[in-house]
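Here is a short tour of one structure for someone meeting it for the first time. Have a look at the chain below, then read on.

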Amino acid sequence: MKKYLCIDIGGTAIKYSVYNELGESDIAVKSALVQQTSEGTEIMDNVVKIVSDTLERETIAGICISSAGVVDATLGKVIYSGYTIPNYTGTPIKAILEEKFAIPCEVENDVNCACLGEYWLGAGRNSSSLICLTVGTGVGGAIMLEDRLVHGYSHTAGEIGYMTILGENFQDLASTSSLIKRVAERKNKEEAQGLTGYKVFELAKKGDIVCIEEIDNMVKTLALGITNLLYLFNPETLILGGGIMGQKEMLKEKIDQAVAETIIDPMFNKTTIKFAQKGNDAGLLGALYHFKNKNS
């Protein structure tokens, strides 16, 4: 059975593993910390090393890339990365790797890949239409209609984090980083030090009123964004991912209730809201699914 090297490029880390064509792997997902240099080379230097090291141990039939930023999936090129990854815009990932290794390579946006991974082997299985939201430093989005990703005219469809909600960017109100910021502003300096999303939820479970209130505020804003998406796309399934969504036992009922209270009529609320199942593997599996579709 053929093997594929799957690589997930983020702003601060690169995850990678080798999978067979069924999405199975007997190798644990590895991670390499990375910070883009002013010359804009370190990310691709790391990727090239990962491929080189893998080829010393494995014969691979393809290189499957999931990348942060706006990606032209036809060219396999990052066409916009924003301030989070400086000097990454314009990186021709596919061309660089195919020229160096003479192995087919395909590239897709990271949230799109996470969506494809959940669609193929996770919470989105058997759903012909779905939307994925990843809640983390920002809010990422991906849209699938009739079993196909929606890329948009200029490859920017699904940039849900930039939707205007209550006069601000959706991700500035409904992300993990915004939750931490709001809790920190209400705490004293000592309490605010070292806050993480996980700590906010742990404090809430112990009865911390500030954390409980700010989680509820985040959920209400998240429900506003979700409701707008339901009006626009009426998907069969909406999947919530990102590290903070590991708190399913605390969030599931709150989110379902907030959406039900926000939406104008139950007839618009037929979508099933699920939580992502594949975790760190989702983007890697989605990159493989994308590669297989492009090379079938």
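Let's begin with cysteines: a disulfide here is a pair of cysteine sulfur atoms within 2.5 Å. By that rule the count comes to 0 disulfides. C6, for one, is in no disulfide, and the nearest cysteine sulfur, that of C64, is 4.0 Å away.

Some background before going further. This is a predicted model, where local features need pLDDT of at least 70 and side-chain atom pairs count only at pLDDT 80 or more, while totals for chains, interfaces and linings use all residues. Residues are numbered from 1 along each chain as its sequence is written, and side-chain values use heavy atoms, with hydrogens and water left out.

Are the cysteines in this table buried or exposed? Buried means under 20% relative accessible area, exposed over 50%, and partly exposed in between (1.4 Å probe, protein chains only).

| Cysteine | Relative accessibility | Class |
|---|---|---|
| C6 | 0% | buried |
| C115 | 0% | buried |
| C211 | 0% | buried |

C115 is found in helix α3 (residues 110–121); helices (H or I, at least four residues) and strands (E, at least two) are DSSP runs, numbered from the N terminus. Leaving aside residues up to four places away in sequence, C115 touches L130, C132, A142 and M144, where contact means heavy atoms within 4.5 Å. The C-alpha atoms of C115 and I143 are separated by 7.9 Å, though the two are 28 residues apart along the chain.

Now for the sheet. Strand β8 (residues 130–135) pairs with strand β9 (residues 139–145) in the antiparallel sense over 6 bridges; two strands pair if DSSP finds at least two bridges between them. Within this pair, C132 stands opposite A142 in β9. Both strands belong to an open sheet of 5 strands with mixed pairing, in the order β10-β9-β8-β13-β14. At its edges are β10 (148–149) and β14 (272–275), each pairing on one side only.

What about the inside? A nonpolar core is a set of buried Ala, Val, Leu, Ile, Met, Phe, Trp, Tyr and Cys residues joined through side-chain atoms within 4.5 Å. The largest one has 38 residues, and I215, I226, L240, M245, L251 and I255 touch the most other members. Helix α8 (209–233) gives this core its largest share, 10 residues. Apart from it lies another core, of 27 residues, among them L5, I14, V47 and I60.
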